[in-house]
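Visitor: I have a model open and would like to talk through how it is put together. Could you walk me through it?

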Amino acid sequence: MVITPIKENTSTNYSLEDWLQSPPEGTEWVNGELLEKEEVTLKHSRIQAKVATYWRNYKDTSGQGGEVYTEAPCLTNKQGRRPDVAYLTPELMQQFGEPAVLPQSFPLIAEIISPTDLAEDMIAKSQEYLQSGSEEVWLVFPENSWIIVITKNQRLVFIAGEVVRTQTVLPGFNVAVNELLG
């Protein structure tokens with residue numbers, strides 16, 4: 001997903017505190033700037049919807065509860081982010097309710113990587129999530145049929161023909177990489 005600065009003077013007149021109160025749709029607050037997320041492909045949207053659907057169905061059928069969100073705002077290291085897909089545990093739902101912006105990273109996050117995204121930026125973003133309360137981050141590379149699952153203690157790569165599994169959040173969830181990305 002390409003993220004670009006908003007062209008208007010909004011960026012300079014809009015603080016992180018403003019963003020936390022009422023984040024404009026499709027924006028992130030990064031390094032002191034209001035940035036606009038731009039979806040670049042139908043494939044990205046399709047995979048985002050599939051990840052959200054699979055996680056939602058699994059949390060329901062397994063009885064683990066919680067909630068799955070797409071593009072939901074959260075605060076990380078004093079930056080405002082919108083992960084492509086995020087799962088919030090029942091415990092954190094009870095603790096925080098549903099504020100305008102979750103005051104930490106979601107426990108489980110998936111970022112769908114667009115061809116224009118830089119790998120270094122996405123790895124840094126995953127580390128930012130992990131340092132802000134996330135327990136597990138999935139970096140989904142549709143063009144290469146790779147899913148990298150990152151936790152504080154491990155980094156695993158799942159490729160076409162394999163089955164990707166959650167490591168710490170939503171225990172027991174698994175899906176074939178081909179099914180998720182196909």
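Predicted model: local features only at pLDDT ≥ 70, side-chain atom pairs only at ≥ 80, totals over all residues.

Visitor: How many helices and strands does the protein chain have?
Guide: The secondary structure of the protein chain comes to six helices and 13 strands.

Visitor: And what are its dimensions along the principal axes?
Guide: The C-alpha trace of the protein chain spans about 50 × 35 × 30 Å along those axes. The radius of gyration is 16 Å, and because a compact globule with 182 residues would have a value near 16 Å, the two agree.

Visitor: What share of the residues is buried?
Guide: Of the 182 residues in the protein chain, 48% are buried. As for the contacts with a separation of 6 or more, 57% of them are between residues 24 or more positions apart.

Visitor: Let's go inside. Which residues have the most contacts within the largest nonpolar core?
Guide: That core has 24 residues, and those with the most contacts inside it are Val51, Trp55, Trp138, Ile147 and Val164. Two or more residues each come from helix H3 (42-61), strands E7 (85-88), E8 (108-112), E9 (136-141) and E10 (146-150), and helix H6 (177-181). The largest share, five residues, is given by H3.

Visitor: What does Val51 touch?
Guide: If residues up to four places away in sequence are not counted, Val51 touches Val85, Ala110, Ile112 and Leu180. Apart from this core lies another one, of 18 residues, which includes Leu88, Leu102, Tyr129 and Ile148.

Visitor: Now E9: mostly covered or mostly open?
Guide: E9 is mostly covered, since six of its six residues are buried. Glu136, Trp138 and Val140 point one way from the strand, while Val137, Leu139 and Phe141 point the other way, and all of them are buried.

Visitor: How does E8 run relative to E9, parallel or antiparallel?
Guide: E8 and E9 run parallel and are joined by five bridges, with Ala110 standing opposite Trp138 in E9. Together with helix H5, residues 119-130, these two strands make a right-handed β-α-β unit.

Visitor: And in what sense does E10 pair with E9?
Guide: E9 and E10 pair in the antiparallel sense, over five bridges, and the bridge partner of Leu139 in E10 is Ile148. The two strands form a hairpin with four residues between them, and Ser145 in the turn has a positive phi of about 55 degrees.

Visitor: Changing topic, where is Glu28, and is it buried or exposed?
Guide: Glu28 is in strand E2, residues 27-30. Glu28 counts as buried because its relative accessible area is 0%, which falls under the 20% cut-off.

Visitor: What does the side chain of Glu28 make a polar contact with?
Guide: The side chain of Glu28 makes a polar contact with the side chain of Arg81, at 3.1 Å.

Visitor: Which residues is Ala176 in contact with?
Guide: Leaving aside neighbours within four places in sequence, Ala176 is in contact with Glu162 and Val163. The C-alpha atoms of Ala176 and Val164 are separated by 6.1 Å, although these residues are twelve apart along the chain.

Definitions and conventions
Residues numbered from 1 in each chain as written. Heavy atoms only, no water. Core = buried A, V, L, I, M, F, W, Y, C linked by side-chain atoms within 4.5 Å. Buried < 20%, exposed > 50% of the residue type's maximum accessible area, 1.4 Å probe, protein only. Contact = heavy atoms within 4.5 Å. Pairing = 2+ DSSP bridges. Right-handed = clockwise from strand over helix to strand, strands pointing away. Polar contact = N/O pair within 3.5 Å; in protein donor to acceptor, adjacent residues only side chain to side chain. Rg over C-alpha atoms; globule rule 2.2 N^0.38 Å.
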